Amino acid sequence: MGGRRPGGAVVLILAALCGAAMVGCGGPSGVPPRFAAQWNAGGPEVGPFDYPECVRVDSEGNLLVADSWNDRVLRLDPEGQALLAFGARGAEAGQLECPHAVAADSQGNIYVADAWNHRVQKFSPKGEFLMQLGEYGGPSGYDEGDGLFKTTFGVAVDSEGSIYVSDYNNNRIQKFGPDGKFLTKWGIKGRQEGQLDHPAGLSIDSQDRLYVADLGNNRVQRFSKEGKFETKWGKVGTEPGEFDRPYDVCVDGEGNVYVADLGNHRIQKFTDKGKLVYVCGALGTGEGELDCPMSVAVDPAGSVYVADWGNNRIQRFGPAS
């Protein structure tokens, strides 16, 4: 699965961000979780990761990993052993090219933001191709039509089975029904409430509200399931509560919001109102250190999983004591 990799400009940007200053753990109101485990492969059967870009927890407590530069998706148990692997580089149905994000619905179906094929694909719990959502919007211009994408960076599924996609280079969110039919869209490029600048990771809370990692605006935004703006927080910086390219967002069962603060090499936890709970992370290769974390996920027990992109590994942090 070696050879040419797409998105050279993106790689250069990420490499520059990975040289940012170290930011330590700590926070004004909470205790960050401790390092618990790490792994850089899914076991001998599937081999090492190649820049994993997303991690999610499914309804059974297993992990889904977008192993981006291997052009595949893995299901791992909580100890990091592979239960399922599927995907190969290509543009045909079921093939992938740099998958950026994964999500699962209540039936265990798997949704993949197939970034450089500019689409989302739906797979069965066994990794069988079921459906494609969207297609490439073309090489020039932006906002070229409903269901057309220019790089899919995030995907999430609500309790009704509706599918939300971050249309990264069109600076908008698109929503589809469970059958894959386009429903609505919102967002234009800008810094005002409800506007977006390269939206990346997405997450749905228990009330079916959508959280967006608004990467270019260095903030998190929350919308209703109809796309109505509700709240936002964050600005560029290195202080607690500030961001340097927030790449992903995840909501736990209690409504707390976790943000993969990529350029600051840390994870930040907030309440659903944007109040900072804790900060954890520092640039490095050691246990508990991070290098451009691209994604964060939380299981029902409170363990936090991080796709530690620059270190080619997944790390697990135990619940805060």
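**A sheet, some cysteines and an arginine**

Let's start with an open sheet of four strands, which run in the order β2-β3-β4-β5 with antiparallel pairing. Its edge strands, each pairing on one side only, are β2 (52-57) and β5 (82-86). From one strand to the next, the twist averages 20°. Strands here are DSSP runs of E, at least two residues, numbered from the N terminus, and two of them pair if DSSP finds at least two bridges between them.

A quick word on what you're looking at: this is a predicted model, where local features need pLDDT of at least 70, side-chain atom pairs count only at pLDDT 80 or more, and totals for chains, interfaces and linings use all residues. Residues are numbered from 1 along each chain as its sequence is written, and side-chain values use heavy atoms, leaving out hydrogens and water.

Back to β2: it pairs with β3 (residues 63-67) in the antiparallel sense over five bridges. Pro-52 stands opposite Asp-67 in β3.

What about disulfides? Counting pairs of cysteine sulfur atoms within 2.5 Å, the total is zero. For Cys-54, the nearest cysteine sulfur belongs to Cys-250, 9.1 Å away. Cys-54 is buried (under 20% relative accessible area, with a 1.4 Å probe and protein chains only), because its relative accessibility is 2%. Cys-98 is buried too, at 1%.

Now on to Arg-316, in strand β26 (residues 313-317). Its relative accessible area is 14%, so Arg-316 counts as buried. A polar atom of its side chain lies 2.8 Å from the backbone oxygen of Pro-78. Beyond its neighbours within four places in sequence, Arg-316 is in contact (heavy atoms within 4.5 Å) with residues including Phe-35, Trp-39, Pro-78, Glu-79 and Tyr-305.

Notes
Buried means under 20% relative accessible area, exposed over 50%, partly exposed in between (1.4 Å probe, protein chains only). Axes are lines fitted to C-alpha atoms, for helices over the stretch in contact, and angles run from 0 to 180 degrees between N-to-C directions. A polar contact is a pair of N or O atoms within 3.5 Å; within protein, one must be able to donate a hydrogen and the other to accept it, and residues adjacent in sequence count only if both atoms are side-chain atoms.
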